[in-house]
There are 2 protein chains.
Amino acid sequence: MKYQIISTLFLAAVSWSAPENAQGQHSSAANAPKSSALQEKHFSFVDPMIGSEGLGRVFIGPSYPFGMVKPSPDCGTAPNSGWLPEPVPVTGFSQLHVSGTGGGPKYGNILVMPFTGAPDNQEQSSLREKETVKLGYYSVVLKKNQIKTEITTADKVSFYKFSYPDARTKALKIDAGFFLGEQPVPDAREAQQFVGSEIELVSPTEIRGYSRIRAGWNNGRAYTVYFYAVLDQPVTAYTSWKGKKLFPGLAMQYDSNEKTGLLLSVGGSATQLNMKIGISFLSSLKAKANIEREIPHWNFDQVLAGLQNQWEALFSRIEIDPQATKTQQQLFYTGLYHTMLMPVNRTGENPLWANDQPYYDDFYTLWDTFRTSNPLITLISPLREAEIVNALIDIYKHDGYLPDGRSGNANGRTQGGSHAEVVIADAYVKKLPGIDYEMALEAMLKDATVPPGGNEEQEGRGGLTEYNRLGYVPFSVVRSGNRTVDYAYNDYNIATVAKGLNHRKIFDRFIKQSANWRNLWRDDYIHEGSKGFILPRDASGKWLDTIAYGNSEIQHPTYIYTPLTRETPWYACHWCGFFYEGTSWEYSFSIPHEIPALIFKSGGNDAFRKRLDTFFDKKFYNVANEPSFLTPTLYHWIGRPDLSSLRIRQIIAASYNTSRNGLPGNDDSGAMSSWLAFHMIGLYPNAGQDYYLINSPLLKQTIFHQENGKDFKVIAKGLSDKNVYIKSARLNGKVFNQAWIKHEDIVKGGELVLEMDAAPSSWGTQILPPLSLKP
Amino acid sequence: MKYQIISTLFLAAVSWSAPENAQGQHSSAANAPKSSALQEKHFSFVDPMIGSEGLGRVFIGPSYPFGMVKPSPDCGTAPNSGWLPEPVPVTGFSQLHVSGTGGGPKYGNILVMPFTGAPDNQEQSSLREKETVKLGYYSVVLKKNQIKTEITTADKVSFYKFSYPDARTKALKIDAGFFLGEQPVPDAREAQQFVGSEIELVSPTEIRGYSRIRAGWNNGRAYTVYFYAVLDQPVTAYTSWKGKKLFPGLAMQYDSNEKTGLLLSVGGSATQLNMKIGISFLSSLKAKANIEREIPHWNFDQVLAGLQNQWEALFSRIEIDPQATKTQQQLFYTGLYHTMLMPVNRTGENPLWANDQPYYDDFYTLWDTFRTSNPLITLISPLREAEIVNALIDIYKHDGYLPDGRSGNANGRTQGGSHAEVVIADAYVKKLPGIDYEMALEAMLKDATVPPGGNEEQEGRGGLTEYNRLGYVPFSVVRSGNRTVDYAYNDYNIATVAKGLNHRKIFDRFIKQSANWRNLWRDDYIHEGSKGFILPRDASGKWLDTIAYGNSEIQHPTYIYTPLTRETPWYACHWCGFFYEGTSWEYSFSIPHEIPALIFKSGGNDAFRKRLDTFFDKKFYNVANEPSFLTPTLYHWIGRPDLSSLRIRQIIAASYNTSRNGLPGNDDSGAMSSWLAFHMIGLYPNAGQDYYLINSPLLKQTIFHQENGKDFKVIAKGLSDKNVYIKSARLNGKVFNQAWIKHEDIVKGGELVLEMDAAPSSWGTQILPPLSLKP
């Protein structure tokens with residue numbers, strides 16, 4: 001969700017697409033080393049460290065697909081993912097994390113840390129060495145005591161293997177009070193806040209307890225993480241703590257709203273200690289039952305292999321050209337991997353209500369994921385995406401609103417838009433099975449008709465009353481710009497489902513409202529040669545060139561608002577600007593349902609092309625911000641898919657790579673990663689609508705082995721560093737002259753063959769993407 | 001909150017006031033038996049069975065003042081308080097209940113039931129005999145197996161003594177899945193819904209677990225009741241269950257969203273089994289710690305004595321005439337008792353956030369209690385009421401809104417009004433110490449300025465947007481009548497605090513809004529000889545004689561609305577009428593801050609008296625409905641306190657007595673009971689304002705032994721069955737000609753002596769109650 005200025009956008013793109021295969025596709029010698037790669041499992045290409053440094057903030061520890069437990073090193077309490085690069089010391093290893101998030105951290109519960117010597121010191125941080133990260137596997141050696149820690153995990157149970165230098169001084173700390181994002185100020189915004197914790201040595205090999213934390217980025221209600229830990233060697237001495245006070249020989253600390261933990265001396269003659277930590281959101285005994293169900297043994301490798309198989313089963317559904325470069329394989333499968341870390345499947349672990357519906361948490365947030373992450377999951381596993389949609393609907397039924405963000409069993413935050421609408425509409429147009437779409441429509445209508453009032457940071461549509469009265473959100477309401485633009489699209493999503501379900505009156509209302517973005521379109525405003533922008537307007541209809549802020553009745557400070565204004569001034573509230581994380585240049589392209597109308601209002605095809613060129617050439621584009629995800633492909637709508645493809649190649653070359661800095665912004669639950677994965681294939685979804693734009697792939701071939709048993713292939717014939725333009729296409733052997741393809745054509749199975757060439761062609765210039773629904 | 005038609009209103013009142021002392025106050029012979037009563041502790045007069053049958057629905061089990069644990073028999077799952085009169089069988093004894101509530105039940109968690117024989121049957125209900133109920137003590141003999149169960153309790157720990165007919169067949173069931181208000185329909189409105197439960201035999205004498213339940217009357221989020229039970233004799237055999245399935249010899253059932261429990265065979269040679277059950281909202285270990293702190297022994301009588309002492313300390317703060325009749329003593333102290341059962345002090349047991357503020361739950365609801373319960377607590381213990389207010393403010397700070405109702409750690413429901421405003425204003429004008437009134441004002445302003453949107457059943461002011469725009473809630477919003485009337489009063493409360501804190505602009509706004517009730521006052525409407533009523537009006541300003549309901553677009557059904565319409569038709573939504581639980585006749589008197597203006601709008605003193613007389617004489621008055629609590633005393637404002645007193649005596653005589661049917665409506669956390677207690681003393685508060693109306697007492701003397709160490713006496717000299725009118729008064733020896741007294745005059749200590757006479761006098765007719773704040 002954070003951005004960075006793109007200073008390297010125009011690095012040459014051509015050398016990127018196949019750096020390890022620079023000799024060209026026909027060189028069989030160059031391909032030779034690849035055939036051994038053919039044997040490799042897809043998961044082996046995943047590098048969890050891509051995007052771990054810089055802005056990416058991805059989770060680097062082991063996790064099942066959509067896995068509940070996500071153990072990882074924690075380097076202090078500040079980093080969102082827990083991990084930081086060396087030489088920051090590691091505090092310990094906690095069991096729950098999120099991936100790629102911005103703002104205040106969440107989770108970081110139940111921290112364990114091996115140490116040596118007497119159990120008399122809570123502080124056991126250490127520098128690291130030999131840190132190794134693979135899919136499903138993390139290991140590190142603690143510098144100060146040379147203990148090696150290895151971690152893998154099942155779905156709800158972490159597995160730790162500690163190798164000590166000396167069997168006689170084995171010790172372990174279990175901290176039930178630790179969490180990420182702690183602040184010294186009580187109730188600080190975005191900070192997690194401590195509520196309670198408990199710990200109990202149940203037997204020489206069993207420890208149970210919990211951590212109860214509230215707030216964090218989404219300002220959610222308290223959530224409780226229960227654990228049950230089992231050791232394969234017995235505890236011989238112990239000291240518990242409450243707050244800063246140590247209690248040698250006291251095996252239990254009950255919850256009195258203080259931090260608790262245990263320091264354990266471990267016996268046995270082995271230097272190695274194994275530990276399983278079951279997690280549950282219901283109870284410690286449920287956590288224990290999770291251990292018994294998931295890891296009824298002590299075989300670390302078996303757990304790791306189980307995890308690898310889970311991922312492999314998913315990765316193998318999208319099989320890319322086996323001769324793709326290692327870099328491409330790494331980028332692609334790591335992209336898929338990041339996309340399936342969240343939301344988290346907590347079915348059977350819902351402490352709020354009980355029924356037979358799936359339960360998912362850590363939608364963090366739909367604002368980030370609706371564009372590419374959810375559509376990519378739909379392609380990999382429509383049944384999984386249907387489960388996710390059903391979980392959203394079930395949350396609406398029990399908590400009153402669909403989430404836009406949700407974490408720790410609580411809705412929040414909203415940034416703008418009620419984007420569950422897009423996810424539901426996307427499911428509807430792609431015919432995902434097993435969803436009660438009438439109930440889904442009811443849930444969407446709640447968003448669109450019942451203001452969330454004082455809970456507008458948690459759910460629903462803030463400013464809805466004004467939006468429904470005026471047809472736009474006036475500037476007096478915070479984030480009125482992106483709220484208006486997003487609500488208009490969300491209304492289009494409602495209209496889409498209403499039309500399909502034959503609710504004529506609902507359709508009529510919402511298809512009309514979907515044009516509401518025009519009410520903030522200031523036609524005559526010219527900036528950098530382009531005309532017409534989404535700009536602030538007050539409730540009386542007046543356009544605002546200068547923006548007032550603050551509540552003083554004596555001073556009335558203002559600042560000048562332009563289409564390039566990104567943030568409110570530092571002295572004004574961060575979340576109170578006209579747009580959330582974006583400029584008018586960005587958001588004035590963000591009308592995914594009425595692009596022809598947008599082009600018309602921008603002055604026609606030529607003016608729109610100029611506008612797009614200005615946007616990219618002058619670096620107004622922000623690769624790290626989701627509202628601009630679709631923008632590079634808008635050239636499709638003026639009949640220039642070649643320009644879309646060119647922009648995409650430039651962007652990827654400049655912003656994505658396999659390094660630890662390889663993601664250009666917060667990965668946001670895989671948003672950045674899934675954007676990349678789609679473009680590598682050559683398809684790009686317009687979420688909520690039933691087609692994909694076709695761009696020049698970066699991969700010569702992609703095969704979708706679909707859940708329905710049917711394969712769909714995308715083949716880029718003749719693709720090379722020079723041949724980056726589509727000259728012609730055939731779908732199932734028939735000439736295919738459009739630069740987009742329906743979802744149903746993929747579902748049916750078949751083959752899309754693109755003939756690549758070194759020069760732009762007239763392919764795809766005449767048949768523009770499907771028109772929107774009309775009133 | 002429910003009502004009943006008052007058919008017996010005009011039973012003669014005179015014989016009631018001293019039925020056991022009919023000879024008159026000067027007969028020392030008649031007084032002789034009373035002197036032994038002098039020795040009796042106040043608590044011995046409490047009869048928890050008053051109001052247990054009929055509409056009262058009071059909790060009949062033992063409880064500390066504001067005590068967290070409230071064990072009681074449960075007779076099936078339907079009754080709100082758990083208990084029902086014989087011959088309904090008792091299912092068992094659960095640990096949490098509420099008192100006097102209407103609508104769907106709440107709590108009923110962790111049910112225990114002794115039985116005899118093999119632990120192989122979940123069903124152990126039995127008919128009862130020899131049921132005995134005293135303050136702090138409950139006992140019963142189970143007819144089918146002759147086990148005697150005795151119960152007393154500490155604050156957070158229940159104590160059970162089971163006496164079995166045979167030591168060899170002692171058995172006990174512990175049901176972690178039981179709860180009140182279960183319905184077969186999932187998610188049924190007002191029904192509690194099962195989420196999860198867990199149970200574990202930890203050692204031969206210890207059992208732990210929990211019950212997790214959601215919804216209920218306030219439709220709250222899931223709450224979890226943890227328990228830890230300790231037996232004084234060891235378990236020798238056990239069968240656990242999950243759902244309907246029994247697991248002989250399995251000591252534990254983890255939470256898998258199913259109902260769990262244990263059937264225990266108990267060993268030992270004694271026929272008696274003692275059990276302590278600690279309760280906590282944090283964890284089972286905290287529940288265990290509660291046992292260790294509160295009952296570190298096995299002495300039933302000591303626990304009971306501790307409870308009695310707690311109550312006695314509070315009762316002795318209001319010492320009534322020792323020569324009062326037993327009936328009077330019973331009614332008065334049972335009234336005080338009912339008033340202090342709720343809200344519940346859960347300080348240290350808040351699972352949602354942690355700080356050093358008090359935490360109270362089970363405001364059920366402020367709508368019911370603000371008028372008399374909270375003011376009575378303020379007189380008994382201002383420090384306690386200050387704690388309650390601080391708890392309300394802390395809930396605002398962490399949950400976003402002040403509660404109107406709250407139970408199971410969740411706000412809800414609202415019926416109309418945001419009555420925490422009255423409670424805060426009442427604290428403010430009565431100068432309760434240790435409250436951050438600036439923060440309190442902020443919390444009140446949230447209610448008055450930020451609509452709760454989709455959460456309007458939980459908190460805040462539904463219809464606020466319309467109220468703030470139009471100055472009233474239009475009929476299109478449900479309960480627009482009482483919402484408008486209540487919001488106007490709540491605005492007056494805000495103005496009160498704002499004025500005191502010198503927030504001039506806030507005061508100006510809200511004192512103006514406090515007149516908003518006039519916007520629904522239909523001046524020219526005549527009904528039963530009275531003119532002007534609060535009546536439904538649409539958003540365009542049009543008055544509505546017929547009310548449309550339903551959402552059909554084809555049919556537009558209507559019904560005629562009159563000032564006597566009590567409910568919407570049975571075929572329309574129960575909570576969707578113009579008033580919540582009341583008629584326009586009732587609510588058109590319910591303007592506690594602008595009674596002179598109300599009298600003026602009603603046509604002046606004569607018309608107003610006629611209106612009041614009509615109201616009572618024609619039985620439009622509903623004694624069981626809180627909005628009419630102040631109405632009998634409105635004669636004060638036309639200079640006729642004698643008529644107020646007469647009405648009050650009539651009402652009490654007709655509606656209150658010491659029988660099990662002795663309360664005229666749901667006691668609503670002591671609302672009915674505290675109304676009675678005030679009137680017995682001769683004082684009556686107008687909550688949110690700093691005075692008490694003076695009426696003819698039913699008691700010859702009341703001494704307030706105040707927390708500040710100063711005594712205040714109310715003496716009714718010459719009171720008898722005939723002398724029921726106040727002829728003159730002296731405050732601290734000085735002539736006192738007003739029928740009201742400032743709160744500060746009580747706080748200072750002193751003596752109010754009322755000379756009683758057999759005929760009405762001119763006393764109190766000239767100096768009317770204090771004028772309201774004016775803009």
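**Close-up views of a predicted model**

**View 1. Helix 6 and helix 7 of chain A.** Helix 6 (residues 373-380) of chain A packs against helix 7 (residues 382-399) of chain A at an angle of about 135°, and their axes are 5 Å apart. Angles over 145 degrees count as roughly antiparallel, so helix 6 of chain A is oblique to helix 7 of chain A. The model shown is predicted. Helix 6 of chain A contributes A:Asn374, A:Ile377 and A:Thr378, which meet A:Pro382, A:Arg384 and A:Glu385 of helix 7 of chain A. By class, this contact has 2 nonpolar, 2 polar and 2 charged residues.

**View 2. Helix 9 and helix 11 of chain B.** The axes of helix 9 (residues 437-449) and helix 11 (residues 480-500) of chain B lie 10 Å apart, and the packing angle is about 150°. Helix 9 of chain B makes a left-handed crossing with helix 11 of chain B. From helix 9 of chain B come B:Tyr437, B:Ala440, B:Leu441, B:Met444, B:Leu445 and B:Ala448; they meet B:Asp491, B:Ile494, B:Val497 and B:Ala498 of helix 11 of chain B. This contact is made up of 9 nonpolar, no polar and 1 charged residues.

**View 3. The side of chain B that touches chain A.** Here 37 residues of chain B contact 37 residues of chain A. On the chain B side, two or more residues each come from strand 9 (192-203), strand 10 (206-215), strand 11 (220-231) and helix 2 (284-294). Strand 9 of chain B gives the most, with 6 residues. The chain B side comprises 17 nonpolar, 11 polar and 9 charged residues.

Notes: Residues numbered from 1 in each chain as written. Chains lettered and ligands numbered in written order. Predicted model: local features only at pLDDT ≥ 70, side-chain atom pairs only at ≥ 80, totals over all residues. Axes fitted to C-alpha atoms, helices over the stretch in contact; angles between N-to-C directions. Helix = DSSP H or I, 4+ residues; strand = E, 2+ residues; numbered from the N terminus. Left-handed = near helix turned anticlockwise from the far one by under 90°. Contact = placed C-beta atoms within 7 Å. Nonpolar A, V, L, I, M, F, W, Y, C, P; charged D, E, K, R; others polar. Parallel < 35°, antiparallel > 145°, perpendicular 65-115°, else oblique.
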